[in-house]
Amino acid sequence: MFFLFVLITTFLALFLLATGAIGLVVHKVRSGFMETRRYAYDITAREFLNVYLFSDIEPDPAEQPELYQERLLPLLAQLRTDLRLHSASRSNPRRRSLKRVALTLSSEVIGETRIRMTRLFDHFGFVDDLIPQLADSAWWVRANACRTAGLMRAEPALPLLERLLDDENEDVRIEAAQAMLDIAGVAGLAPVLMRLRELSLWMQVRLSRTVLEFRGDAVPHLVVGIRSEHPQVQGFCIDLLGMIGDVSAVPVLLEYISFEVPAVQRKSLIAFGRIGDERAVPVIQRFLGSEERELRLAAARAAANLASPAIAYHLHALLLKDDTEVRLAAAEALARSGETGVKSLLYASRVEDRSVRLIALQFLHDLGVVPSGEGGAA
Amino acid sequence: MNGFARELLQTLLISYSGFIVAYFVAVNLFYFSMLAISFGAIVHYIRRHLFCDYRVIMQSEFSPAISIIAPAYNESATCIESTTSLLKLNYPQAEVLFVNDGSRDDTLAVMMKHFDLVRTERAYFPAVPTKAVKGIYVSRRAEYRSLVVVDKENGGKADALNVGINCSRYPLICAIDADSILEDDALLKVAKPFLDDERVVAVGGIVRIANGCTIDRGRVIDVRLSRRALPSFQVVEYFRAYLSGRMGWGALNGLLIISGAFGLFRKDIVLAVGGYKHDTVGEDMELVVRMHRYCCERDIPYRVEFVPDPVCWTEAPESLKVLGRQRNRWHRGLLDTLLIHRRMLFHPTYKVLGWLAFPYFLFIELLGPLLELFGYIAVITGFALGVINVQIFLLFFMVAVVYGVMFSVGAVILEEISFHRYPRLRDLVKLLVFGVIENFGYRQITVWWRVKSFWDYFRGVKSWGVMTRTGFKK
């Protein structure tokens, strides 16, 4: 009985093995063939899409939008004829090819071409296809639909996207937030920030690129976002304000640094360093004497960017007393603080503590200053 | 042989056969489960991959900075090419720390000349104790400003890595072999888990075999199988180990090995556990196990991830002699690590590690070759004594081969449905064929090397053995 069982399972395994191996080879051959066919379709679609996107058309869409939209219709009809897209079936390979090519181009087009692209997605029913996918039970379908909605600038998807900011899956939330920013622009930023509950580092990486492209326009929205009750969102807004470097953010950062929340204070200090506004000098000076090591480190790093001789004394104290990482940051700040800083480093290069000496000598060496004890005049 | 001895031997053989059958069933059930878990993990990875535009990591100031540590010993022939390829990697903020581990050849001179290096007064603070550092050099040329070359007394690979950790400035450290080639986006991909989950403390990337591939200026431009059999066998083995092994362990948070050729670690945790251990040949595995222990014992939420996509290409041994040395060293490293951390076995503090990963590595990976060798001896003895039923033996042999092939083919299928890096149909067919014929000869040789490593270990052999490399095909 046992041997019969072994024999049967072995033959089953053998059958699976043979099926798997043959299936794999067939799949390889088939996918090669499909790839060639897809490539051919894509070439054709790209060719006719270029005609649609770059044909001259009057009037200016900003002046007469309705007439402009009307004039686009013959071009769209021509594209339909050229690609033989009389069937609206989703499985039509030419239609799929058009969608693929248009989505690839979509992230690269701007201005009037962007309007044509959005109209194309609408006209061929791609936006309509998308809406049910945003409510699909599979997370990857929802996430992909969000991403596609953003690329299509699908305004009808906005209410659903806003709802998906609370989705259980993080990838869906990221794609929904990104799509909202793509569709609504900077106006979508504050609603996104106020709606989000948590932000992984990946989400911050994703969203920051778009937000930083808004530059100064994003500052008022980030100031709104800073009022979020979620610390990660607050921190993200502070980071972005620092990266944008707009001095109009200084008052709100000064307000937030006064709250005794170390994570917010640390990020605010880094932001001050990036913005480089003189109003931050007294605050940085205060935090150089903080009891929290992370805050002293952040303050020293901010001081390096501000390069203010006014805080050289406090930096000198850190260089002499703190741990290696803080000392390195303090020494770097001193090296950038002009003559006062160099004097301080020269003094530190002669103290008894070996690690202080080594750090001071490292930065003096980088500055091209040779201490007198090392065979040259300072 | 008298009757009693014969009877005793027969009883022993029959008992051993029963044990082997039970072991075989358990092992194959386990492998099958791992294959299924890996399949699920790869499908999940690919689905997530659909929404991942790695260029945003490249463009973001939020991306954590990485220190790449490349230890080198007598690498004058390859150091320029490998360092140049590291400097070209796509990543927003990274430094390359080339650690010359007291090379006897002119590695340092070659580096100094090519990269226009100048000695700095950069302070060296050994957070992890190491051999003395003789000098730290940086380039005068702006294009190499992220390169730091550290010259130190010879102390072995682990010591060189520790020097790199001490000199590193960034929160993530990437340990790589100086003679490996990383794909341009490898760092972006391997850094992604650190962005996804703040609990991640280490990430291992897949290592692939470059023999047979065409390499141009430090980049693999055409992927194909080697024409020689030995590297091709290793390709199938690597698929099994990485795609159906480490992928599954990563999903279970039980990954004990991150290849020394390519791994990314959180520096604070590496420093907290004391860096790489000097007196073991399996320093890569030992470090990961120590990180697991550290986090489990302190109840720190953590994850050790495996990413199947970032690719590090390495040159596989092309001769049996060199391959034998490599496998012997790997097995000694495994044995050493399991002995050092034997306390973890079935210990509830270590959760999945103590109950699953550690027993797997002990009873299947480490002791498996011994049991297999005893099995071969038992078969020969059994035939000599005439106590083996030929039909049953053939059936068992067939079952063993079929299951062995099934896992190899399973790994090839995983590769083909996920990353299909071998574009040619011919290579796919070859991989399937090698998955079958490795069971007849190659497998038995590797068993012998691994068994021999026990002998070497208990004799106190600690050497790496000379790893002769023929160099990448250009």
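Me: What distance separates the centres of domain 1 of chain B and domain 2 of chain B?
Reply: The model is predicted: local features need pLDDT of at least 70, side-chain atom pairs count only at pLDDT 80 or more, and totals for chains, interfaces and linings use all residues. Residues are numbered from 1 along each chain as its sequence is written, with chains lettered from A and ligands numbered from 1 in the order in which they are written. Domain bounds come from an automatic or database domain assignment. Taken over C-alpha atoms, the centres of domain 1 and domain 2 of chain B are separated by 30 Å.

Me: Which helix gives the largest share of the side of domain 1 of chain B that touches domain 2 of chain B?
Reply: Contact means C-beta atoms, placed from the backbone, within 7 Å. By that test, 17 residues of domain 1 of chain B meet 20 residues of domain 2 of chain B. Helices are DSSP runs (H or I, at least four residues), numbered from the N terminus. The largest share on the domain 1 side, 4 residues, comes from helix 6 of chain B.

Me: How do the residues of the side of chain B that touches chain A divide by class?
Reply: The contact takes 36 residues from chain A and 33 residues from chain B. Helix 13 of chain B supplies the largest share of the chain B side, 10 residues. Ala, Val, Leu, Ile, Met, Phe, Trp, Tyr, Cys and Pro count as nonpolar, Asp, Glu, Lys and Arg as charged, and the others, Gly among them, as polar. The division is 21 nonpolar, 4 polar and 8 charged.

Me: Which residues of helix 13 of chain A are buried?
Reply: Buried means 20 or more other C-beta atoms within 10 Å of the residue's own, and exposed means 12 or fewer. The face turned away from the buried side carries the exposed P251(A) and E255(A). The buried residues of helix 13 (residues 250-257) of chain A are L253(A), Y256(A) and I257(A).

Definitions and conventions:
Helices (H or I, at least four residues) and strands (E, at least two) are DSSP runs, numbered from the N terminus. Two residues are in contact if their C-beta atoms, placed from the backbone, lie within 7 Å.
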